[in-house]
Amino acid sequence: MLFSHETLRASRGRRTDFPIIVAIHSTILGPAVGGCRVKDYGDFSSAVADCLLLAEAMTYKAAAVDNGTGGGKSVACVPKDWAGFSRHRDRAPLFLDIADIVAELVGQYHVAPDVGSTPDDMGVVRRRTPYVAGLPLSLGGAGGTAYGTAIGVFAALELASSTILGSQSLRGATIALQGFGGVGSLLCDLLTKAGASVVATDIDLSKRQAVEQSGAKWVAPETICAQDCDVFMPCALGGILDDRVIADLRCKLVVGAANNQLARPESESLMTQRGIVYIPDFVANAGGLAYSSGIEIHGLSAQASSERLVTRITGALRTAFDMRDEGLSLTRAAYRIAEDRLRDGGYAGPSALPGPDGNA
Ligand code: NAD
């Protein structure tokens, strides 16, 4: 594996004895920001490899939307019985251990919630170090990332739908939504309020009632990808767009929150051949990162941070749409935008919009 990162740190937690790894891929555009994944990795080398890959992905996500942050990630390797992450367990020692290693990096890396960690856990980290994002609202934080992610995906959808489907509004658009979790449920509300006709599902069948209460129609999870619709929105799992699913799709546009939706790099061109436009996930779903770092790193108000994330995501997508004239796929174009920004080392500033405190 090529080591293109700035820093890789690993230590054993003083309190838990669990291995904790932090990878900083790049701080060219600002402090590295990325979640802490808490997982039973089985072996240490898989944990290091995952941490390096996730940190690099954060660099490109942040750079594509001009977030003024770099890319980093941390992982805590917990034993099997921690993987389900019981709410009853005393989680504080682990997050104090994580705080120790974050503090040693004196601001090069800001830790945030990820799979297996929560805003409340970040509150524990905050007891020892200020270099933390995604804190609860009660601690002056962004209150997690689902809200920012949902409004960013919604903005990406509105732009793509007007640019690609030529519709000035989502009223009457038909949407198939996969995954009714933190992001999917917020999105479903935004979509039904905008007048779209939504069919939604979740592998957790107990969510049917909530789906129906939000004004969407419930369909069985195994049928969601083959729904006849304008837009398919993957908001559950990565790797969903494999050859079989792509052959089943009956939509014009794919845009969603899930990370790494393409099962393989060729998946996007398979969709193009079928006349389906795929919006790069790492741009569409950058809103959670942009919202929390807007508030907690750049010092913006919630309102200014929301406006900024919408501006930055739609700005990146507009540029990527224009770059299709050079024969680039949207995903390739989005990477090019990030690469150019990293090469220039340029960042437009915390907000292009004036904030309540004069922040510009
Ligand atoms: P979540 O865990 O709250 O919700 C995911 C939902 O998907 C769950 O309700 C789960 O039951 C459901 N699901 C899993 N497999 C499914 C399947 N095969 N079919 C239907 N439903 C299925 O997660 P979330 O925070 O809502 O995030 C959704 C996706 O977006 C995840 O892939 C996540 O990695 C990605 N993402 C989230 C954020 C964020 O800020 N939360 C940011 C970037 C990317």
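Predicted model: local features only at pLDDT ≥ 70, side-chain atom pairs only at ≥ 80, totals over all residues.

Reply: Residues are numbered from 1 along each chain as its sequence is written, and side-chain values use heavy atoms, with hydrogens and water left out.

Me: Into which domains is the protein chain divided?

Reply: Domain bounds come from an automatic or database domain assignment. Here domain 1 covers 7-57 + 67-133, and domain 2 covers 145-338. Their C-alpha centres lie 27 Å apart.

Me: How many residues of each domain are in contact?

Reply: Contact means heavy atoms within 4.5 Å. Eight residues of domain 1 touch eight residues of domain 2 in this sense.

Me: What area do domain 1 and domain 2 bury between them?

Reply: The size of an interface is often given as the accessible area lost when the parts come together. Buried area is taken with a 1.4 Å probe and summed over both parts. For domain 1 and domain 2 it is about 700 Å², 60% of it on carbon and sulfur atoms. Of the area that domain 1 buries against domain 2, V33, N67 and A133 supply 61%, more than any other three residues.

Me: How many residue pairs are in polar contact across the interface of domain 1 and domain 2?

Reply: A polar contact is a pair of N or O atoms within 3.5 Å; within protein, one must be able to donate a hydrogen and the other to accept it, and residues adjacent in sequence count only if both atoms are side-chain atoms. Across this interface the rule finds three such residue pairs, both residues being at pLDDT 80 or more.

Me: Where does D97 lie, and is D97 buried or exposed?

Reply: Helices (H or I, at least four residues) and strands (E, at least two) are DSSP runs, numbered from the N terminus. D97 lies in helix α3, residues 92-104. Buried means under 20% relative accessible area, exposed over 50%, and partly exposed in between (1.4 Å probe, protein chains only). D97 is buried because its relative accessible area is 3%. A polar atom of the D97 side chain lies 3.2 Å from the backbone nitrogen of R14.

Notes
Buried area = accessible area lost by both parts, 1.4 Å probe.
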